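User: I'm new to this one. Could you show me the structure and then walk me through it?

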Amino acid sequence: GDNRSYRIRRNQDYGNIRGITLSISKRSTAALPIAVKIDYTFQVAEGNDNNSSAFFYNSLSGQENEKLVIPLDWDQTHNLYGSFTVHPTENFSVSMIGKLSTGYPYTPIIANSNYDAKPNSARKPTLTTVDLLATYGFSIGPIRYQVFAKVYNLFDTLNERFVFDDTGRATYTYYSRSTQETETFKSHYGEPGVHTWDEYNTRPNYYSPPREFRLGLSVEF
């Protein structure tokens, strides 16, 4: 009875994911102890905004964003997976698992210009990775042991997970260099604790994790 107003939060934005997966596999047999599997996925993830709260904030402000169907942040058009497993003996096996994927979308920015790019209209570099797993099992009495070795990112590939918006790469950027790398700044290069402009823009977190080794032992009883 005090004339209070309430807002109901609804997610009325458009979002859609559709795709298809094709899979081919060859099972291991006693005559040929090799197993192979290949999966290919084509998919499209699109919507009118990457922010699920866009419609809600538009209703608060009274100003509606321009509605465009764009790729969503997690859209990967092509994904190719493959695994190859060899069983030389009953107790020993080696597997390699590979993945090749389209890069995720991002919104490009052209520095010092009035160009307004369409959201998520560019793609980050392609992602590739290969993992390895080797296992050896044996028994001592009633207890079964398995020694295993896992190698993630076998070839130590530098996958660019994040990129600079002006170049589309994680390796370099030109944004704000003309204003930040002044002659005064350059004059201190080489001094203790002072790095170059390029070094300050080296971002290890922009890349996927490097090669990783894991050794382990499992016990079954």
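Analyst: Let's begin with a term: rings of Phe, Tyr and Trp (its six-membered ring) pair if their centres lie within 6.5 Å, and planes under 30 degrees apart count as stacked, over 60 as edge-to-face and the rest as tilted. This is a predicted model, where local features need pLDDT of at least 70, side-chain atom pairs count only at pLDDT 80 or more, and totals for chains, interfaces and linings use all residues. Residues are numbered from 1 along each chain as its sequence is written, and side-chain values use heavy atoms, with hydrogens and water left out.

User: How many aromatic pairs does the structure hold?

Analyst: A pair of aromatic rings is described by the distance of the centres and the angle of the planes. By the ring cut-offs above, the number of aromatic pairs in the structure is seven.

User: What kind of pair do Tyr172 and Tyr174 make?

Analyst: Their ring centres are 5.4 Å apart and the planes sit at 70°. Since that angle is over 60, the Tyr172 and Tyr174 pair is edge-to-face.

User: Is Tyr174 buried or exposed?

Analyst: Buried means under 20% relative accessible area, exposed over 50%, and partly exposed in between (1.4 Å probe, protein chains only). Tyr172 has 37% and counts as partly exposed. Tyr174 has a relative accessible area of 56%, so Tyr174 is exposed.

User: Which strand is joined to β5 by ten bridges?

Analyst: Strands here are DSSP runs (E, at least two residues) and helices are runs of H or I with at least four, numbered from the N terminus; two strands pair if DSSP finds at least two bridges between them. Strand β4 (residues 78–86) runs antiparallel to β5 (residues 92–101), with eight bridges joining them, and the two form a hairpin with five residues between them. The strand joined to β5 by ten bridges, also antiparallel, is β8 (residues 127–140).

User: What is the volume of the largest pocket?

Analyst: Rolling a probe the size of a water molecule over the atoms shows where empty space is left. On a 1 Å grid over the protein atoms alone, a pocket is an open set of points where a 1.4 Å probe fits, with protein on both sides within 12 Å along at least five of seven lines, and lining residues have an atom within 4 Å of a point. Points are joined across faces, edges and corners, and a volume is the space filled by probe spheres set on them. For the largest pocket that comes to about 220 Å³.

User: Which element gives the largest share of its lining?

Analyst: There are 14 lining residues, and Thr129 is among the closest to the pocket's centre, along with Asn159, Arg161, Ser208 and Pro209. With three residues, the largest share of the lining comes from β8.

User: Is Asn120 buried or exposed?

Analyst: Asn120 is found in the loop between β6 (105–106) and β7 (122–123). Its phi is positive, about 55°, although Asn120 is not a glycine. Its relative accessible area is 6%, so Asn120 is buried.
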